[in-house]
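Student: I am new to this structure and would like a close look at a single part of it. Could you pick a spot and then show me what lies around the rest of the chain?

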Amino acid sequence: MGGYCLESQGAVLPYPRTKGIILVLIAAIFWGVSGTVAQFLFHQQGFSTGWLVVIRLLISGAGLLFFANTVGKYNIWSIWKNKRDVLQLVIFGIIGMLGVQYTYFAAIEHGNAATATVLQYLAPVIIASYLCLKVKSLPTKQETIAIILALSGTFLLVTKGNIHTLAISIPAFTWGLLSAFALAFYTLYPGSLLTKWGSLITVGWGMLIGGVGFSFIHPPWKFQGTWTFSSFIAVVFVVIFGTLIAFFCYMESMKYIRASEASLLACAEPLSAAFLAVVWLQVTFSPAEWIGSFAIIATIFILSTVKR
């Protein structure tokens, strides 16, 4: 997915923090690179967003559940015994998981991976704003600064600093903004499921449900694009490295560092996506766009100090 994985709060075990930092950086970089690889598939190999999303969800969901069952020794079927949990899981899978995956990839298809990933990182500001409304309180000083930075960064990213022009297409901006709202929902909604069942089972079933549900709209056998050795490797990377391995590394890092630290280090995702898009796919990024990107990313650091 963008990445920005669901967090699992827990005690930090007495192991070297260096290992945790390396693991979360690997996850963030894999997420960022997978977005750029998806751009390669969309723009140069003619792949469709629908096919890549449904394949990623089905294979990754099945892989996570297999890992949870065989290695983690979890009972992956117990979650289906509670009607309320099932309803929450289906909503999370269709609206949260499928929503965030499709909007993110659609933003890449209509624009580029760098811009799509940075726009998705508006989600923490959306979450902070929602929490202010929920508790009926004014934003704190940090939240106000973060909101101003997010709006300013988005303006620079979309216009390159010129109010009379758009640096990206309206569909790319719209899908990018929708991906931020989808990510906010994806992060906030499954709280009780995560607490009760853990992230492997919740996310694994969420992916599989989203993939199965989307299969009725875009069957996995309905393929569009050009198969080459490069495109095959790209698909494998997006599904295996950009999803399964990235998710495992992120969750494993929680054993060594705190979830808040992992979230900050995950900011390497948009930076790696932007760097690779510029170097590999020759995406042009103006100084104004770089400033806007860093302004949006800076909101993560600011909001990490808020105790709301």
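This is a predicted model: local features need pLDDT of at least 70, side-chain atom pairs count only at pLDDT 80 or more; totals for chains, interfaces and linings use all residues.

Tutor: Happy to! Glutamine 282 has a phi near 55°, a positive value in a residue other than glycine. Is this residue buried or exposed? Its relative accessible area is 57%, and exposed means over 50%, so glutamine 282 counts as exposed.

Lysine 136 lies in the loop between helix H5 (123-134) and helix H6 (141-159). Lysine 136 is not a glycine either, yet its phi is positive, at about 55°. With a relative accessible area of 78%, lysine 136 is exposed.

Threonine 117 belongs to helix H4, which spans residues 113-120. The relative accessible area of threonine 117 is 0%, and buried means under 20%, so this residue is buried. What does its side chain reach? It makes a polar contact with the side chain of tyrosine 104, at 2.9 Å. Leaving aside residues up to four places away in sequence, threonine 117 touches Tyr104, Glu269, Pro270 and Ala273.

At the start of H4, asparagine 112 has a side-chain oxygen that comes to within 3.1 Å of the backbone nitrogen of alanine 114.

Isoleucine 21 is partly exposed, at 26% relative accessibility. Which residues does isoleucine 21 touch, if we do not count those up to four places away in sequence? They are Ile257 and Leu265. Isoleucine 21 and leucine 265 are 244 residues apart along the chain, yet their C-alpha atoms are separated by 7.5 Å.

H1 also brings us to the way helices pack. Two packed helices are described by the angle between their axes and the distance between the axes. H1 packs with helix H10 (residues 229-253) at an angle of about 155°, and the axes are 8 Å apart. Angles over 145 degrees count as roughly antiparallel, so H1 is roughly antiparallel to H10. The crossing of H1 past H10 is left-handed. By class, the residues in the contact of H1 with H10 are 21 nonpolar, six polar and one charged.

Helix H2 (residues 49-70) and helix H3 (residues 83-110) pack at an angle of about 140°, with 10 Å between their axes. That angle makes H2 oblique to H3. H2 and H3 have a right-handed crossing. On the H2 side, the contact is made by Thr49, Gly50, Leu52, Val53, Arg56 and Leu57. On the H3 side, the residues include Met97, Leu98, Gln101, Tyr102 and Phe105. The contact of H2 with H3 has eight nonpolar, three polar and two charged residues.

Notes: Residues are numbered from 1 along each chain as its sequence is written. Side-chain values use heavy atoms; hydrogens and water are left out. Buried means under 20% relative accessible area, exposed over 50%, partly exposed in between (1.4 Å probe, protein chains only). Contact means heavy atoms within 4.5 Å. Helices (H or I, at least four residues) and strands (E, at least two) are DSSP runs, numbered from the N terminus. A polar contact is a pair of N or O atoms within 3.5 Å; within protein, one must be able to donate a hydrogen and the other to accept it, and residues adjacent in sequence count only if both atoms are side-chain atoms. Axes are lines fitted to C-alpha atoms, for helices over the stretch in contact, and angles run from 0 to 180 degrees between N-to-C directions. Angles under 35 degrees count as roughly parallel, over 145 as roughly antiparallel, 65 to 115 as roughly perpendicular and the rest as oblique. A crossing is left-handed if the near helix is turned anticlockwise from the far one by less than a right angle, and right-handed if clockwise. Ala, Val, Leu, Ile, Met, Phe, Trp, Tyr, Cys and Pro count as nonpolar, Asp, Glu, Lys and Arg as charged, and the others, Gly among them, as polar.
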